[in-house]
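Thanks for asking me to look this one over. Below are my notes, in the order I would read them.

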Amino acid sequence: MMGGARAGFSNTSIVHVQMDEITGIESKRYEDGFVPGIEFVAIGFLGFAVTLGAAAFFENKRQS
Amino acid sequence: MMKRILGIIAGLSLAVNVLAGSATFDFTDPSGVSNLSFDMTAPVESISGSADGISGSIDFDPAKPEATNGTISVATSSLMVAKGKMRDHIMGSMWMDAKKYPEMKFELSGVSGLKTTGDGVFKGQANGTMTVKGVAKELNTEVTIKHLAGKLGAKLPGKKGDLLVVTGTLIVNRDAFNINVGQKLDKVANDIHIRLNFIGYSEK
């Protein structure tokens with residue numbers, strides 16, 4: 001999956017987690033960038049289902 | 001004569017100890033590492049983000065860590081999440097109302113039940129007040145205070161002094177701070193899990 005597998009909806013920022021070596025503190029940096037989320041997976045499945053349904057419909061029609 | 005010299009030496013040494021003991025740490029972090037991070041898990045969506053607009057000061061004495069006190073502020077406008085539109089909503093009047101309430105504040109009055117868990121590392125219950133959206137609530141939460149003596153130069157090359165790292169976790173309800181009370185609970189959880197990651201600087 002583009003951007004790496006992850007749960008959640010699409011993001012408009014890429015989050016970078018950094019560890020400060022001196023203090024041991026973790027911080028986040030936000031960089032502009034699109035990270036696709038689960039709605040793209042859902043659209044993919046929907047497209048697959050529509051294509052499968054259409055194929056089955058036309059196959060039935062061809063055989064009858 | 002000898003007694004007088006010894007008296008002066010003892011007095012000077014006491015003054016040096018007192019001066020070296022207590023220090024004010026500035027929590028405006030020029031390295032941009034200090035942050036407050038938060039996580040909210042609702043049935044439909046999980047939200048996590050952070051804020052790095054930290055400022056304020058804390059007085060700390062390694063000989064009297066229980067007397068640690070001060071105020072740390074977090075700029076509301078520095079709150080960040082990975083979704084731009086969601087961030088716009090957060091800044092709006094229904095949620096954090098950043099224009100009307102530009103700061104969140106942690107006022108620390110002391111630390112109780114302190115335990116030393118390492119060299120310069122203290123764990124205890126931070127007592128004070130947390131103010132968000134103009135609502136002040138008593139704050140009692142577990143914190144770790146790490147005094148890094150002589151380590152200022154590691155963060156700010158050429159400077160001499162100490163660092164003070166204050167970390168802790170707390171859970172607050174958005175209802176308690178008048179943050180869009182009772183609304184959109186399926187998407188935005190009521191419980192906000194907050195992690196404090198603050199660094200203070202004290203130059204000598």
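This is a predicted model: local features need pLDDT of at least 70, side-chain atom pairs count only at pLDDT 80 or more; totals for chains, interfaces and linings use all residues.

1. Residues are numbered from 1 along each chain as its sequence is written, while chains are lettered from A and ligands numbered from 1 in the order in which they are written.

2. Chain B has three helices and 11 strands, where helices (H or I, at least four residues) and strands (E, at least two) are DSSP runs numbered from the N terminus. Their order along the sequence is α-β-β-β-β-β-β-α-β-β-β-α-β-β. The C-alpha trace spans about 80 × 35 × 30 Å along its principal axes.

3. Of the 204 residues in chain B, 32% are buried (20 or more other C-beta atoms, placed from the backbone, within 10 Å of a residue's own). The largest nonpolar core has 43 residues, and B:L163, B:V165 and B:F198 are among those with the most contacts inside it. Such a core is a set of buried Ala, Val, Leu, Ile, Met, Phe, Trp, Tyr and Cys residues joined through C-beta atoms within 7 Å. Strand β11 (residues 191–203) of chain B gives the most to this core, with five residues.

4. Where do the chains meet? On chain A, 14 residues are in contact with 18 residues of chain B (C-beta atoms, placed from the backbone, within 7 Å). β1 (11–19) and β2 (26–35) of chain A are the elements that give two or more residues to its side.

5. Do look at B:L163, which touches A:T23 as well as residues of its own chain, including B:L148 and B:I199.

Definitions and conventions. Two residues are in contact if their C-beta atoms, placed from the backbone, lie within 7 Å. A residue is buried if 20 or more other C-beta atoms lie within 10 Å of its own, exposed if 12 or fewer, and partly exposed in between; C-beta atoms are placed from the backbone. Lists of a residue's contacts leave out its neighbours within four places in sequence.
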